[in-house]
Amino acid sequence: MNLTERVQNLEYAIRDVVVQAKQLEKKGKEVIYLNIGDPLLFDFDTPENIKEALIQAVREGFNAYSPSEGLPELRDAICEKEKKVGSIDVLPENVIISNGVSEAIQMVLGALVDNGNEILVPGPAYPPYISYTEFFGGKAVQYKTSEENGWQPDLDDVRAKVNDSTRAIVIINPNNPCGALYDRKTVKAMSDLAGEHDIPLISDEIYDQIAYDEPVSTANVAKDVPVIGLNGFSKIYLMTGWRLGYMYLTGYNEEMLGELREHLTKEARIRLSANTPVQKAAVEALRGPQGHIAQMVEKLRKRRDYSHKRLNQINGISCAQPKGAFYFFPRVDGIGSKWVNDMAFVRDLLEHTGIVFVHGSGFGSTYGSGAGSRS
Ligand SMILES: Cc1ncc(COP(=O)(O)O)c(C=O)c1O
């Protein structure tokens, strides 16, 4: 069978590492999976009111396709939420519901990337931004984020990498995999850069309410630049398996937004609709009680503090303190000497301890791989 190059080149390190783990499990080894950001695999669960809302939606007959852009009620609830949490004004017609942020990433990059185009993504980055850019024939160019500076973007590096082929700059804030929270000044500088080059910012804020310091929403800062905000229900509302997310568009340039909205809507129509009953449950998630969020963040904060302390106590391992989300991106001395590369370290660790980590180079080969300078 002749398979396309674009499919043959696809990689997703976060799940790819599981293959070796499964083989070990088959041989009887107990394996602990710390490779994937799914709180439901640990001691977190979807709040009862959201579960009930899903059951009720199914019973009440919300089982047909929804409008491709999403249920009007949910688009309204999202605007209310974005106003309350991010202090931003979004119009319901500028919200499109997707089957997870993952699908939104695919749709947004599908609308922006042609052969030879470049997308600036953080280095290290959540891998689908790299994979989908390449899938659509583009090139993901990683801008440096500095560990010594809490994994904030190196603005000189971002500036040096924007060129005529750049179609968008991606911000992931709070960040996966480094746990950084970009401050207002940094987001403003990124937005000024995007403005100078007349390109949009793609801002993934799926961890917006899992922050241990004050988070900032890009659209709140970048008022005169088109912002494609991405968000979803997986993490904050503990609905990972239900697959629901959304994108929203803000910015002063109505002409640019209108064109983008039209193309994203066309993509939304091709895949018919997002999951209808889950959209009903998502309305309850947004408008119902929010108490579980503070409880979850408190629990995660304690674990962050403990794990941060313990990691830094291990000889040869050091780690910046994450300010948001639930990931650590530790530095491991000895990669390149004791272990040939970070992949070898992760394999070794898995074999000896049964714990599954993701190698840093799974988030991009330049920054965070441990190779060469500690970039
Ligand atoms: C930064 C980021 N964006 C998007 C996703 C995927 O979200 P969803 O479950 O909504 O597809 C994840 C999942 O880990 C993530 O970390």
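**Notebook: ligand site and domain contact**

I began at the ligand, where a polar side-chain atom of N176 lies 2.7 Å from an oxygen atom of the ligand; I count N or O atoms within 3.5 Å as a polar contact. I am working on a predicted model, in which local features need pLDDT of at least 70 and side-chain atom pairs count only at pLDDT 80 or more, while totals for chains, interfaces and linings use all residues. Residues are numbered from 1 along each chain as its sequence is written, and side-chain values use heavy atoms, with hydrogens and water left out.

S102 puts a polar side-chain atom 2.5 Å from an oxygen atom of the ligand. For R243, an N or O atom of the side chain is 2.7 Å from a ligand oxygen. The protein covers 93% of the 400 Å² of accessible area that the ligand has on its own (Shrake-Rupley method, 1.4 Å probe).

I then listed the neighbours, taking a residue as near if one of its heavy atoms lies within 4 Å. There are 13 residues around the ligand, and S102, D204, Y207, S234 and R243 come nearest. Sorted by class, the shell has 6 nonpolar, 4 polar and 3 charged residues. In this sorting Tyr is nonpolar, Asp and Arg are charged, and Gly is among the polar ones.

**Entry: the two domains**

Next I checked the division of the protein: domain 1 spans 5-44 + 291-363 and domain 2 spans 49-287, with bounds from an automatic or database domain assignment. Their C-alpha centres lie 24 Å apart.

How many residues of each domain are in contact? I find 31 of domain 1 against 30 of domain 2, with contact meaning heavy atoms within 4.5 Å. The area buried between them is about 2,800 Å², and carbon and sulfur atoms give 64% of that; buried area is the accessible area (1.4 Å probe) lost on putting two parts together, summed over both. On the domain 1 side, K323, F329 and F363 supply 24% of the area buried against domain 2, more than any other three residues.

**Entry: polar links across the domains**

I counted 12 residue pairs in polar contact between domain 1 and domain 2, both residues at pLDDT 80 or more. Within protein, such a contact also needs one atom able to donate a hydrogen and the other to accept it, and residues adjacent in sequence count only if both atoms are side-chain atoms. The salt bridge count between the domains is 1, where a salt bridge is a side-chain nitrogen of Lys or Arg within 4 Å of a carboxyl oxygen of Asp or Glu. I also noted that E147 and R331 meet in a salt bridge, at 3.1 Å from N to O.
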